[in-house]
Amino acid sequence: MFSVVKKLKPVQYHLIMKHCLFIAGLLLSVFHPGYAQLSIEECYEKAEANYPLIRQYDLIEKSRDYNLSNASKGYLPQFQVGAQATYQSEVTDIPISIEGITVPELSKDQYKATIDLNQSIWDGGAIKAQKENIRTQAEIDKKNLEVTLYAIRSRVNQLYFGILLYDEMLAQNTTYLADLDRNIAQVAAYMINGLANQADLDAVEVEKVKTAQNRIELIYNKRAYLEMLSIMIGEKVDETTPLVKPDGCLPYSLDIYRPELALYDAQTRNLDARIKEVKAGLMPKFNLFVTGGYGRPGLNMLEDKFSAYYIGGVSLNWNLGNFYTRKNNLNNIEVSRGMIKAQRETFLFNTELDVTQTDNEVQKISQLVNSDDEIIRLRESVRRSAEVKVANGTISVLDMMKEVNAEQTAIQDKIVHEMQLLQAIYNLKYITNN
């Protein structure tokens, strides 16, 4: 192995080592759970799957299936069992007296047990309309649930980009602490040469302590966001879990495809189903019926004894009272349709306002990011010039620290602007669902 390496040119050796380190890092990220990357899209999916309300999906479908099954049973033969025992003060009496013929007298206590069977031949479309109403109502419940679950994305955005911002701020904090250590060493050297005093050194030390305090605040804020994100997605997320920085691609369209629109469509379809129910209630209904019975007396009222009997035929039922309420029922449905239309238009109006505001926010922050690099370059140049002036004894260390702080502020502004831009882009994607 070593003999082969010695024969390679330095550039070849460097490339081989670079590839080996890359492969080793890749394997480590695959097999070490602490290095598993997490994207914002995965957080969306896991947060929705972990949300307790997601369990209602199965409950809605089960309830719909049960109700549909019950409605379908209206096509099956309907049985009814009845029994009755009565005592009456008078019975039918035949006021005829014929010599040699005895007219039987009915008993005042009478008994009857029956089994009724009804089979629908045509119900005017009532069961079909009822089943469509059940389906559309279940669809409304599901769309309502989707609207609630979609709102979780906004909360995920806040947590996810907050964590990314704290990551960037902590990285810059580390770099700044290293720069302050370098400045402390420089000021200490200036003290030896008589170019600085203890007050100058203390000023840099104070800045280092303040920066260390800021780091503590950043660490705990990030930890709080990580814990909240862990609760949201239902799995542990900590400092060892790298979050993938999303791309800054704008949505392909600013058209609105929010789940609320699907909810309004489902509500409209439910109103159409209710109209069909109203119209079905106006239709006559035809049934086959059979009644079997046993009692005293039977069908022959003149026989005072127990006997079995049956009756069969076709029946027509037509509830004409539904015509009284038809107009009001239809008007109520149209009122509901108008309310849904108004809600839809209001939602689109407010959402379009949000789209316009957020789109302008994206454009504004984009321009700020474009100028951040120039500001940082200029601040860095001023800071380097101040360091030279301190070394030459023309300005104080305090004046130099002002320029150092100004440069750090410019760097932090860029970090904040970049993260604000990403979050604004994803807020725009959330608002439009693109």
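This is a predicted model: local features need pLDDT of at least 70, side-chain atom pairs count only at pLDDT 80 or more; totals for chains, interfaces and linings use all residues.
Residues are numbered from 1 along each chain as its sequence is written, and side-chain values use heavy atoms, with hydrogens and water left out. Local features need pLDDT of at least 70 and side-chain atom pairs count only at pLDDT 80 or more, while totals for chains, interfaces and linings use all residues.

The largest nonpolar core has 32 residues; such a core is a set of buried Ala, Val, Leu, Ile, Met, Phe, Trp, Tyr and Cys residues joined through side-chain atoms within 4.5 Å, where buried means under 20% relative accessible area with a 1.4 Å probe, protein chains only. Among the residues with the most contacts inside this core are Ile40, Phe161 and Met232. Elements giving two or more residues to it include helix H3 (40–50), helix H6 (152–192) and helix H10 (397–432), helices being DSSP runs of H or I with at least four residues and strands runs of E with at least two, numbered from the N terminus. H6 gives the most, with 7 residues. Apart from this core lies another, of 14 residues, among them Val390 and Met401.

Turning to the strands, S1 (residues 78–87) and S2 (residues 109–122) pair in the antiparallel sense over 10 bridges; pairing requires at least two DSSP bridges. Glycine 82 stands opposite threonine 114 in S2. S2 is also joined to S3 (residues 285–296), antiparallel, by 11 bridges, with asparagine 118 opposite phenylalanine 289 in S3.

Leucine 422 lies in helix H10 and counts as buried because its relative accessibility is 7%. Its C-alpha atom is separated by 9.9 Å from that of asparagine 157, 265 residues apart along the chain.

Technical notes
Buried means under 20% relative accessible area, exposed over 50%, partly exposed in between (1.4 Å probe, protein chains only).
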